Every structure is written in structure tokens, then in C-alpha cells.
Amino acid sequence: MQRQTSSGKGIFETGTGFYHYTGKIFDLIAVSIFWILGCIPVITAGASFTALYAAVSKSVRQDIDTVSKKFWSSYKRNLKASIPVWLIFGGAVFLLLLNYGIVREQFGGLAGLFLQMLYLFCALLVIAAAGYAFPALSRFDMPTGWIVKLSFYLTFRHLPKSFLLILLFIGCYLLLLINPAVILILPGLYGLLASMLVDPVLDRHMPEAA
């Protein structure tokens, strides 16, 4: 006889209990490894971020297909469209952080501090916008220009959630510095938490998927 919990459901029943949540953890590990593999050619990192979001949002949260099927199908489908989006956001962050480093080394005083904070703020703003761009790319067929415009619009339109996306990114970055081994689950966990913030926003502003 199956062991019962106080609610009358078996602790190993499909869709609940130990097996269910253990399966979700393994899914997050699997999608994290897929994400790492997808990022190996650096230029395809955008496709990997897009596929990560699709797999976590649909497979982990909604149990639609397996994470493997959802990740790689999204990766292949959005590979071409994701490259210019990745180059725009990745290039912008790189240049802003480069300028931040130059100012930090060569300028002092209040002016130097102001420029450092300005470049750092702008870099975080671009990172927040990217947090909307790749999820939108995974769900809708839109030209690159519209993806970029939409992502910045959503960043300013939903500032509290944008702030949480920034904090989530910083938290994951710090965890990775403290213990690099968390890379085996951290991308999936980031995607899971980010999707909880971004999904309602995309549903509200773009209700009809392409």
C-alpha cells in the first residue's frame, strides 16, 4: 500500500511530493548544463539565454515537453534572430564596463566617482533590459529593433520588477564568485526566478504569441 501523507496524497505521487520536486531540481541542473554548452561559442550566448528562458518557463514551470526538447528546439529556432540582439546588449555592457574601468583607473575626485556610478548604472540598466529582451524573443517573432525598444520600454514601465531583475543578476554573480560550482544549477535557478517576474509582464503587454 502506498504511504499516505496527512492530506491523503502519496508522497511519491506523480506531480507532487518527493519525486516531483526532485525532478524539478534535476531539470534545473540539466537546463543549466545545456545553457553552458549553448554559450561555448560566445556569439550564440543570446540563443542560449533565449532557450533557457523557454525551457524553464514552459517545461519546469508548466510541464510542457522536456527541458531538453524545449531548450534545443528554442535554441535552433531563435539562433539567427538572437545574434544581433546579443551583440547589441552584450556589446553595450562591455563598452560601459570598459569605460567604467578606464575612469576608475585614470580619474579621481567627485567627477571620477560620478562617471563611475553613471557607467555602472547604465550597464545595470542594459542588463535589466536584456532580462526582458531574451524572454520576449523566445515567445514572439519581432524584428531586432522592436525587441530592443520593447525591452527598454518594459524596463522603465515596470521599474520595481526591473530592480528585482538587477538584484537577481547581482546575487547570482556574487554566488558564482563565492562558489563557482553553483554554475551547475545557477543558470536554471536564475531563469526560474526571472521567468516569475517577466512572464506576467509579457502576458500583459503582448498577449498574443506569434
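Everything here comes from a predicted model, in which local features need pLDDT of at least 70, side-chain atom pairs count only at pLDDT 80 or more, and totals for chains, interfaces and linings use all residues. Residues are numbered from 1 along each chain as its sequence is written, and side-chain values use heavy atoms, with hydrogens and water left out.

View 1. Helices (H or I, at least four residues) and strands (E, at least two) are DSSP runs, numbered from the N terminus. Along the sequence, the pattern reads α-α-α-α-α-α-α. Of the 210 residues, 39% count as buried; buried means under 20% relative accessible area, exposed over 50%, and partly exposed in between (1.4 Å probe, protein chains only).

View 2. α6 has 20 residues and reaches 28 Å from its first C-alpha to its last, close to the 28 Å expected at 1.5 Å a residue. Buried here are S162, L165, I166, L168 and C172. On the face turned away from them, look for the exposed residues P160, L177 and I178.

**View 3. T155 sits in helix α5 (residues 144-157).** T155 is buried, with a relative accessible area of 1%. Leaving aside neighbours within four places in sequence, T155 is in contact (heavy atoms within 4.5 Å) with L125, A128, A129, Y132 and S162.

**View 4. The largest pocket holds about 1000 Å³ of space.** On a 1 Å grid over the protein atoms alone, a pocket is an open set of points where a 1.4 Å probe fits, with protein on both sides within 12 Å along at least five of seven lines; lining residues have an atom within 4 Å of a point. Grid points are joined across faces, edges and corners, and the volume is the space filled by probe spheres set on the points. Of the 30 lining residues, W35, F49, I127, F169 and Y190 lie nearest the centre. The largest share of the lining, nine residues, comes from α4.

Definitions and conventions. The expected span of a helix is 1.5 Å times one less than its number of residues.
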